[in-house]
Amino acid sequence: MKLNEYDIQFVKGVGEKKARLFNKLGVYSLENLVHYYPRKYLDQSSTVSVVDAPTDQAVSIRATMITPVRENRIRKGLTLYKCNFSDGETVIHVTIFNNEYLAKALRTYDEYILYGKVEKRFTDAVMSSPQIESIKTGMAIHPIYPATQNLNSKAIAKAVRGAFDKIGVFEDTLSDEIRKKYDLCTLDFALKEIHFPSCGENIEIARKRLIFEELLTLQLGLMLLKGKRSERNNHLIKADYTDEFYSLLPFEPTHAQKRCINDCICDMRSSHTMNRLIQGDVGSGKTAVAGAVIHTVIKNGYQAAMMAPTEILATQHYESFKRLFYGTPINLALLTGSTKASEKKKIKSQLIDGEIDFVIGTHALIQNDVEFANLGLVCTDEQHRFGVEQRADLAMKGNHPHLLVMSATPIPRTLGLIIYGELDISVLDELPPNRQEIRTDYVNSSYHERIYRFIKKALDNGRQAYIVCSLIDEGEGELLAAEEYAKTLCENEFCDYTLGLLHGKMKPKQKDEIMHRFASGEIQILVSTTVIEVGVDVPNATIMLIENADRFGLSQLHQLRGRVGRGKEKSYCILVSDNQSEQTKERLGVMKSTSNGFKIAEYDLKTRGPGDFFGKKQHGLPNLKIADMVEDIQTLNLCRKCAEEMLKTDRRLDNYPLLCDKINDMFKRTDY
C-alpha cells in the first residue's frame, strides 16, 4: 500500500466531514498524517505531590477522588462542577467549568492524574479546570498537535493511532548500513515514538532519525536535479566576446564581475550545459554580468531570455539593456502580462522566426504559445522568488539552454552550497568603486518632525524619497492603514509636495504608472509597501524612511536600503521603531554598523531562522516538517556527504525505491 495514495477520509474515525478539516492542515493522505508531527508534548509520566508542586507551572498529580461531583448552575451557559481529590497527604478542591461529560465520567475512589497549576493554601489546595485522566491512560507523554477549529489535538492523535493500526510496521527507507553508520533508529521506531513516546529520551532518538531522513531527502532531490541539468552542451560558445562587451560599458568592471563572467563563459565553452547562480549584494553589478553573458551568447548565434518576478523589474531591465546595447545589432523585446495583444502576437512571431535576439519578461514568457527559434540562454533575476520548476518551464522552450540565475539575497556560502544544490555558485563580493555608502540611522517616532524637515530639504534640492510602510500581510485593513498614512502625509507635512502610493494589491498597469511617474521625477515621495524591495532603480532618490523597522528581517531591510545610493548624491536610510527591547536594539544596531549584506545575512539567519530570513515561500525550497535549516546545519552537512556517497554507487537510487517516492513527494508539493 502506497501511503501517499491512501485518502485520509478512509482512516478509522475520520470520514468525509473530518477529512475536510484535516485538509485545512495540509493532511490529505496516510503519508501526510504520519508525518504531521506534534509541536510539543504534555508529559504526565512523572507525578509530584501537592507539597512539592511549584505554584507557577502545570504539573501532574496522582490523586484519588474522595467526594462525589456537586453541580452548581451559576447562570445560563455557565455550570460549575466541584469535587475533592487527595494525593494521600493533601486535599485538593477541584472546579470543572462547563464539562458535563467529564463530570459524569468521574467515579469516587478511582485514581486519576490531575494536570494543571496548583494553588496551595494553609491546609489544602485548589486546582481550577485541570486536565483529568484515568490512571490507566493518564501516566503517559501525550502529543500536542497544531490544531484547527473543530479538530483538536486529541482527535488528531486518535486518527494517527488509527493510521498506525492500518499500516502495522513501517518499511524502512534506509539501508541497515546507513543507519548503523549514522547511528539512526528504524523508521518504524521513529514514527511511533515521535507521536506516542514511551519516554522523553525516545523523542530525541526519533527526532534525530526523522530530521536526518528529511534533510537527506532534500539533498538527494537537489543533487538529482543538478544531475538532470548536466546535459551535453547543445549550445557551445565558440567565441568569447567579453572584451567587446566591456567597450560598451561606461565604467570599468570590478575584478569580481570579471571573475563571474569568466566562470559563465568557461561553463558555456565546456562539454556540459551551464547551470550557474550569480549571488551578489545590492548594487554589486549582477546586471552587467548578465549583460556580458547575454551579449556573448547572442554574438554566437543564439537567442537569450530573461525572466523577472515583477513587471516593474522586467521593464527596468528592458530599459537598462536597451541603453546598454544601443548601437549594436541586438534586437530586444519586452513581454509581460500588460503587453498589448497585438504587440504580444508580433513578439511571439518574431521569437519563433529568430528576429528577436533577446526577450525580457515576467511569467508571460513561460506561456505555452511562446516559442523560440534557437534559445541558448535562460536568465532569471531575483532567483529566490522563483522555484526550480518555473525556471525549468522557461528552459523547456529550448533544447537544454544554458541557465543563469541571479539573487541579491546574500546567503552564507555554506548554506548556499546546500540550498542551491543543483547550481554552481559565483559570488560578487566586491562593490563598484562609485557605489555610494548609505548612512543609516536608527531612531524612535519622536524624531518624525526632524525627519520630515530633513526630507523636505532634500526635496527642495531636487531629490526624491521613499517612505516604506511595514505591512506584513497586505490585507484590506493593512492596506487601508497604508492609504490613510499616505493621505495624512499628503494633507499635512507634505501638502506642498507630490506623493504617490504603491502596494502589492495594485494592478500591474497602476504600479507601472506610479513607478514611471516616480522615475521621471513627477512624484517626489513614494509611500510604498515592500513591493519596492526588488529592482526599483531611481538614482535621484536619496532618502529611505522605513516605519516600524523592527517588523522586518534584516536581510529585507538591507534590500530596501539598496534602493537608495544609486546616484552621485549622498544617501540616507532612516529606521524608525518604538520597540525598546534589547533584541530590537541589537538587530537594528547591526543595520547601522554595517552595509555588508553577507554579515547581515549571517546575523539574520542565526537570530530569526530560515522562514523569516527567506520570507514567505520565496526561497523555492520544499517546506520542512521537522528539520530546521539553521539549527540542524551539522546534520545537513552529514546528509550532503551521505547523499554524495549514495549517488556514487547508485546514480538513480534503484536500491531505494521508498526514498525515491519521498523525494518525488517532497519536490511535488513545492515550487521546485
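Predicted model: local features only at pLDDT ≥ 70, side-chain atom pairs only at ≥ 80, totals over all residues.
Which residues of the largest nonpolar core touch the most other members?

Residues are numbered from 1 along each chain as its sequence is written, and side-chain values use heavy atoms, with hydrogens and water left out.

**View 1. The largest nonpolar core has 63 residues.** The members that touch the most others are F22, L33, F212, L216, L220 and M646. A nonpolar core here is a set of buried Ala, Val, Leu, Ile, Met, Phe, Trp, Tyr and Cys residues joined through side-chain atoms within 4.5 Å. Buried means under 20% relative accessible area, exposed means over 50%, and partly exposed lies in between (1.4 Å probe, protein chains only). Two or more residues come from each of α1 (15-24), α2 (30-34), α5 (153-167), α7 (187-195), α8 (200-228), α22 (633-649) and α23 (657-668). Helix α8 gives the largest share, twelve residues. Helices (H or I, at least four residues) and strands (E, at least two) are DSSP runs, numbered from the N terminus.

**View 2. F212 and its contacts.** Apart from neighbours within four places in sequence, F212 is in contact (heavy atoms within 4.5 Å) with L174, I178, Y182, L184, T635, L638, C639 and C642. A second, separate core of 39 residues has L249, Y302, L324 and M406 among its members.

**View 3. H295 is buried within helix α11.** This helix covers residues 286-299, and H295 has a relative accessible area of 1%. Beyond neighbours within four places in sequence, H295 is in contact with Y241, E244, F245, L248, F325 and I330.

**View 4. Helix α10 and the elements it packs against.** Helix α10 (residues 255-268) has 14 residues and reaches 20 Å from its first C-alpha to its last, close to the 20 Å expected at 1.5 Å a residue. That expected span is 1.5 Å times one less than the number of residues. Buried residues of α10 include A256, C260, I261 and C264. The buried residues of this helix pack against α9 (242-246), β11, α11, β16 (402-407) and β17.

**View 5. Strand β17 beside β11.** Four of the five residues of β17 (residues 424-428) are buried, so this strand is largely enclosed by the rest of the structure. Strands β11 (residues 275-280) and β17 run parallel, joined by five bridges; strands pair if DSSP finds at least two bridges between them. Look for I278, whose bridge partner in β17 is S426.

**View 6. Strand β6 pairs with β2 and with β9.** Six bridges link β2 (residues 59-65) and β6 (residues 111-116) in the antiparallel sense, with R62 partnered by I113. Four bridges link β6 to β9 (residues 131-134), again antiparallel, and here Y112 stands opposite S134.

**View 7. D176 is an exposed residue of helix α6.** In this helix (residues 176-181), D176 has a relative accessible area of 55%. Its side chain makes a polar contact with the side chain of R179 (2.5 Å). A polar contact is a pair of N or O atoms within 3.5 Å; within protein, one must be able to donate a hydrogen and the other to accept it, and residues adjacent in sequence count only if both atoms are side-chain atoms.
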